[in-house]
Amino acid sequence: MVKSRCGTVCEPLKCKEAFGVDCPGCVAMDKPFWGECDVKICCESKGLAHCGLCEDFPCDLLNSFAYNKEHGNNGEMIEQCKEWATL
């Protein structure tokens, strides 16, 4: 089940441990608890369930997020979006 726009696999237990909140994933929130997310905004403005369905996938915005040293996961989210796109 898709819980994020960017391909992050949201795990409620890890989120609870790290941030002290029950996070259902950004697809279930109007405004994420961590703040504004350009990837979420872009994806939703195009009416897409996740970035893997975008004709520009993977775009510069997603690449910069996926490989960001602080928030990224070395491109794993891009691979997850590819997998979700085949479902």
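Predicted model: local features only at pLDDT ≥ 70, side-chain atom pairs only at ≥ 80, totals over all residues.
Of the 87 residues in this chain, 32% count as buried, where buried means under 20% relative accessible area, exposed means over 50%, and partly exposed lies in between, with a 1.4 Å probe and protein chains only. Residues are numbered from 1 along each chain as its sequence is written, and side-chain values use heavy atoms, with hydrogens and water left out.

Let me start with the overall fold. The chain has four helices and zero strands, where helices (H or I, at least four residues) and strands (E, at least two) are DSSP runs numbered from the N terminus. The radius of gyration of the chain is 12 Å, close to the 12 Å that the globule rule gives for 87 residues, so the chain is as compact as a globular protein of that length; the radius is taken over C-alpha atoms, and the rule is 2.2 Å times the number of residues to the power 0.38.

Now to the largest pocket, which holds about 750 Å³ of space. On a 1 Å grid over the protein atoms alone, a pocket is an open set of points where a 1.4 Å probe fits, with protein on both sides within 12 Å along at least five of seven lines, and lining residues have an atom within 4 Å of a point; grid points are joined across faces, edges and corners, and the volume is the space filled by probe spheres set on the points. Of the 24 residues that line this pocket, the closest to its centre are Thr8, Phe19, Trp34, Phe65 and His71. Which helix gives the most to the lining? That is α1, with three residues.

Leaving aside neighbours within four places in sequence, His71 is in contact (heavy atoms within 4.5 Å) with Phe65 and Met77.

In the loop between α3 and α4 we also find Asn74, which has a positive phi of about 60° although it is not a glycine. Asn74 is exposed, with a relative accessible area of 62%.

Finally, a cis peptide bond joins Phe57 and Pro58, with omega of about -15°, and Pro58 is found in the loop between α2 and α3. Most residues other than glycine have a negative phi, and most peptide bonds are trans.
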